[in-house]
Every structure is written in structure tokens, then in C-alpha cells.
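Work through the exercises below with the structure open beside you, and try each task before you read its solution.

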Amino acid sequence: YPMFDQSQYVDASFSVNFSFYEEVVKGLSTSQKTLPSKYFYDERGDRLFQAIMHCPEYYLSRCEQEIFESRQAKMAELLFSKRQRIDLIELGAGDASKTFHLLKYLLENQYMVTYRPLDISAHILFELAADLRARIPQLNIETIPAEYIRGLEQIVRQSSAPKVLFFLGANIGNMTKIEAHTFCRTLRSKLQQGDKVLIGFDLIKNPRIIQAAYDDQDGLTWDFNINLLTRINRELGANFNPDLFEHYCTYIPETGECHSYLVSLVAHEVTFPDRKISFEKDELIHTEVSRKYQRWEIDSMALTTGFSPVHAFLDNRQWFVDVVWEA
Ligand code: AVI
């Protein structure tokens, strides 16, 4: 992109911004326009997502919270040791609201753990580390601001301790099924035999419940989606008018996939530093998939990616599962 003067947009994460630009223009230059959902999470996106996690329709966080609050002893026993220090790696840790209770339990019960939260958002990791150091001063914590696999490779180079890897919050649902398989296979290749993973999956349930979770009454999910456009304006020098788009989502029960879109309300053009992108009236930008799973699909994913299923922690309503697999 020779006409794009990066120097105008340089900040602390210079190289990250360049691939952000490339991914955005690539996604908007195809006939079915797409934008990657991983870019939702700038500072405002983090805040909106936290608000979504507390809104009445978004049941996922409450289900997983329930699992973590009621099953700490069993999790500790299955995953950790009092004789050997274990690395607890959390991919996409966010504010670690679920892991917090388990970490407290582990330290109060003489389990030995080094907590290694990893997140694409350096901002949220900074806040997380400060918060955990204040609330659990005796905790060993090493933050890693990175994308999942690169961060995991970095940890594996630095520490040879046995590993427990957490991937919570149905983050795996933001991958297609094929991407999720590839991802699990890659995880397996970075781990040693006997290492464990705990992965949170949202389960297939009444479609109305799922649809509502991605289209809340207060419009938080709407703002969360639209925020991607304002982020692109600010960081990449585009001129999206957020008022010309609306949020739309649709859950497809046959596939278990909830798809989110931004819909262009009128025909118009958006200007980037080196190009114009045109939108037709009612044209869609696909922004996110949130995939829901059947229990058997999860077991079969473990087996086909080189793991053995060990245990499944379910909430009371059986809406959500945290599975434990062993490498
Ligand atoms: C982070 N991820 C698991 C959320 C989800 O449920 O797919 C992101 C989200 N998108 C809309 N609401 C929440």
C-alpha cells in the first residue's frame, strides 16, 4: 500500500497497526465484505464487552461464573498440584473475572501456580495485573501482551513447567468449526504430553435465547459492533459515518452459528488514506461468528486434535460447558 503514509498513525503498537490496516482493506475489498472480530477490543470495545457480560440477555458469562464459583475444589484437584509449580496460561484473559476465584482458592489451599495471562489488549492486561497484585499479593503473575499462538510460543520458550491452558468465555466460538479444529491442533503441538487445557464452549439451546444474547435491548451489542468502525476511523484514518450503519445478527440453529453484521443503510463511499470503498444500500459487512456446540461435537474435536477428554463442568441449566482435555 505505497500511498498509505503509516507515519501518520504510528503509536506504541506500530507493527500491529499495519496488519490491522491490511486486514481491514482486504476484508472490505471482497464481494462479501468482512471485518475480523478480534479488532472489536480497543479500550472502548473492552468496556462495552464488559457491559455486555453484565447485561440480562448475555447468559454466557453468568453460566461460566457459576461453574467457576461452584467447582473450584474439583478444578484444583483435576488440574493443579501441591508438589509441583504449574503454569496457568490464560488465552484472552480479559479481566479474568472467572479465574480470579480459582486463583484465590489455589493459593489458599497450597497449590503452586504461576499465572500467565495472555491478551491481544495490552490495556486490559495492565489493569488486570494491577488488580490481581492488589487483591492477591502473593500471586506469581507474568502478563503476555500477544496474540494467542505467538504468546504461547513465547511462554513455552521461557518456562518448562507443566502447563494448564485456559481458553474461557466461549472465545473458541468466535472461530469457525474448521478454524477451531486447526487452533486446537496447534495448541496440542505446543504442549507436552500430560499438559491440560480447559476450554469454555457455549452449548446449543433454544434459538431465541441465543438470538437475544447477541441483540440486547439496551443496544450494547449494537454499540460494540459499530465501535469497530469508529476504531477504524481513528486508527486507520478512514471516514466511516457510524450513523449510516446498523447492527444485525442472526442465529442459524442448523449450524449453531450466530452471525453479526453491519448493514449499510444507504449507498455511499468511505474514504481510506489510499482508496475509496463503496457500499450499496443494504450491503452487509460480516463482523463476527459466535458458534454454539453440541456436546458430542466437543468430544469429537478433542479426539481429532490429539487430546483426551477428561471432564466436563456444566452449569445448572446445562447451557455452557468448560471441558478439561489432556494432551
Ligand atoms: C468474546 N466472545 C466470546 C463474545 C461472543 O459471545 O461471541 C463476543 C461477543 N459478541 C457479541 N457479544 C459478545
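**Exercise 1: Burial and overall form**

Task: Find what share of the residues in this protein is buried, and then describe its overall form.

Solution: Begin with burial: in this predicted model, buried residues make up 51% of the 327 residues in the protein, where a residue is called buried if its relative accessible area is under 20%. Next, look at the secondary structure, which comes to 11 helices and 14 strands. The radius of gyration of the protein is 20 Å, close to the 20 Å that the globule rule gives for 327 residues, so the protein is as compact as a globular protein of that length. Then turn to the dimensions, for the C-alpha trace spans about 65 × 45 × 35 Å along its principal axes. Finally, consider which parts of the chain meet: among the contacts with a separation of 6 or more, 72% are between residues 24 or more positions apart.

**Exercise 2: The nonpolar cores**

Task: Identify which residues have the most contacts inside the largest nonpolar core, and trace the neighbours of I232.

Solution: The largest nonpolar core has 72 residues, and those with the most contacts inside it are F80, Y115, I232, F240 and F272. The largest share of this core, 7 residues, is supplied by helix α10, which covers residues 220-236. When residues up to four places away in sequence are not counted, I232 touches F20, V24, L35, G237, A238, F240 and F272.

**Exercise 3: Two residues in their surroundings**

Task: Decide whether D42 is buried or exposed, and do likewise for H181.

Solution: Start by locating D42, which is found in the loop between β1 (33-34) and α2 (43-54). Its relative accessible area is 7%, and because the cut-off for a buried residue is under 20%, D42 is buried. Leaving aside neighbours within four places in sequence, D42 is in contact with N227, R231, R234 and E235.

Now repeat the steps for H181, whose place is in helix α8, residues 177-190. With a relative accessible area of 16%, H181 is buried as well. Not counting residues up to four places away in sequence, H181 touches M301, T304 and T305.

**Exercise 4: Surface and charge**

Task: State how much of the accessible surface belongs to carbon and sulfur atoms, and how far apart the mean positions of the charges are.

Solution: The accessible surface of the protein comes to about 15,000 Å², and 49% of that surface belongs to carbon and sulfur atoms. For the charges, take the 35 positive and the 45 negative ones, whose mean positions are 6 Å apart.

Definitions and conventions
Residues numbered from 1 in each chain as written. Predicted model: local features only at pLDDT ≥ 70, side-chain atom pairs only at ≥ 80, totals over all residues. Heavy atoms only, no water. Helix = DSSP H or I, 4+ residues; strand = E, 2+ residues; numbered from the N terminus. Rg over C-alpha atoms; globule rule 2.2 N^0.38 Å. Buried < 20%, exposed > 50% of the residue type's maximum accessible area, 1.4 Å probe, protein only. Contact = heavy atoms within 4.5 Å. Areas by Shrake-Rupley, 256 points an atom, 1.4 Å probe, with all protein chains shown as cover. Lys, Arg positive; Asp, Glu negative; His and termini not counted. Charge placed at Lys NZ, Arg CZ, Asp CG, Glu CD. Core = buried A, V, L, I, M, F, W, Y, C linked by side-chain atoms within 4.5 Å.
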